[in-house]
Amino acid sequence: MSSEDKDFKGRCMYCNTDVGRDKVKTCGRCRLVRYCSKECQIASWKTHKLRCNPNLRESLASDPASNALNTALSKWINNWRDELHNWAIWAMDLANSPPDRLATHCFVIEIERRPNPPSASQFFRMHGGGVETRASFIARLEEINEASEETVACVNERRGTDTAQIIILCEDLIRFLWFSLRDGGASLRNRDPAMSKALAENWQQGMISAIETGRPQASKTHLDRAAIKVVGPPPI
């Protein structure tokens, strides 16, 4: 199965585990959010209850343009999810940051539909992004009157110092992703500080270029350039 054929409906919306469409359970009220277990559903309810609307599916169906954008974004996130994790960690520069950085900051990217996309994998393009404190991101939303109770609750949902939060702004949509670090993030915090710094430098330009290609694997170029900067080019 190619990256463009991944089934995003088989992934838990809380822990991000891909268990397959036949194993996830759909929220019985809104019929849109999927979980791999009762435990994930219970853990998610604190924020999901703010947007769990039994009429949401019908509302989307009545607005074909919004429904199409919502579906395209879900597919794009699923195809790019692993690389989004990489870019978020590179941008966070954990080896040169306080140990609570993941609890106080979030990784934000801004994307939009590309006019006349050359392929389905190039449906979106990135035009901005950064690492922000949760407080500064909420302040930014308040300035544009987008700080709803639901959104603020999601921004402030802290899952510990070993879980990163990604926020994706896409036109009038906003998505939240969380992912936990292997070994509690110890290997990343203990990474060579020079390498961590090199990965954090110019990550926006690197990510924009990777998304421009429509190939998640293109992010490896940024990793290779950082390695060359720190240790030099490989021997011939």
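Which two strands pair in the antiparallel sense over 8 bridges? Strand 5 (residues 163-170) and strand 6 (residues 173-180) do. The legends below start from the whole chain and then turn to details.

The model is predicted: local features need pLDDT of at least 70, side-chain atom pairs count only at pLDDT 80 or more, and totals for chains, interfaces and linings use all residues. Residues are numbered from 1 along each chain as its sequence is written, and side-chain values use heavy atoms, with hydrogens and water left out.

**Figure 1. Overall fold of the protein.** The secondary structure comes to 10 helices and 6 strands. Helices (H or I, at least four residues) and strands (E, at least two) are DSSP runs, numbered from the N terminus. The C-alpha trace spans about 60 × 40 × 40 Å along its principal axes. The radius of gyration is 18 Å, which agrees with the value near 18 Å for a compact globule of 236 residues. That radius is taken over C-alpha atoms, and the globule rule is 2.2 Å times the number of residues to the power 0.38. Buried residues (under 20% relative accessible area, with exposed over 50% and partly exposed in between; 1.4 Å probe, protein chains only) make up 42% of the 236 residues. Among contacts (heavy atoms within 4.5 Å) with a separation of 6 or more, 61% join residues 24 or more positions apart.

**Figure 2. Strand 5 and its two partners.** Two strands pair if DSSP finds at least two bridges between them. Strand 3 (residues 105-113) pairs with strand 5 in the parallel sense over 5 bridges. Val108 stands opposite Ile167 of strand 5. Toward strand 6, Gln165 has Trp178 as bridge partner, and Ile166 has Leu177. The hairpin of strands 5 and 6 has 2 residues between the strands, and Glu171 takes a positive phi near 55 degrees there.

**Figure 3. Both faces of strand 5.** In a regular strand the side chains alternate between the two faces of the sheet. Thr163, Gln165, Ile167 and Leu169 point one way from strand 5. Ala164, Ile166, Ile168 and Cys170 point the other way. With 8 of its 8 residues buried, strand 5 is largely enclosed by the rest of the structure.

Figure 4. On a 1 Å grid over the protein atoms alone, a cavity is a set of points where a 1.4 Å probe fits but cannot get out; a pocket is an open set with protein on both sides within 12 Å along at least five of seven lines; lining residues have an atom within 4 Å of a point. Grid points are joined across faces, edges and corners, and a volume is the space filled by probe spheres set on the points. The count is 1 cavity of 30 Å³ or more. About 50 Å³ of space lies in the largest cavity. Its lining is Ile89, Trp90, Asp93, Leu94, Ala95, Leu188, Arg191, Ser196 and Leu199. Helix 3 (64-92) and helix 8 (193-200) each supply at least two of the lining residues.

**Figure 5. The second largest pocket.** About 480 Å³ of space lies in this pocket. Of its 20 lining residues, His85, Phe179, Ser180, Leu181 and Arg182 are the closest to the centre. Helix 3, strand 6 and helix 7 (186-189) give two or more residues to the lining. Helix 3 gives the most, with 5 residues.

**Figure 6. Surroundings of His222.** His222 lies in helix 10 (residues 220-231). At 10% relative accessibility, His222 counts as buried. Not counting residues up to four places away in sequence, His222 touches Trp87, Trp90, Ala198, Leu199, Glu201, Asn202, Trp203 and Gly206.
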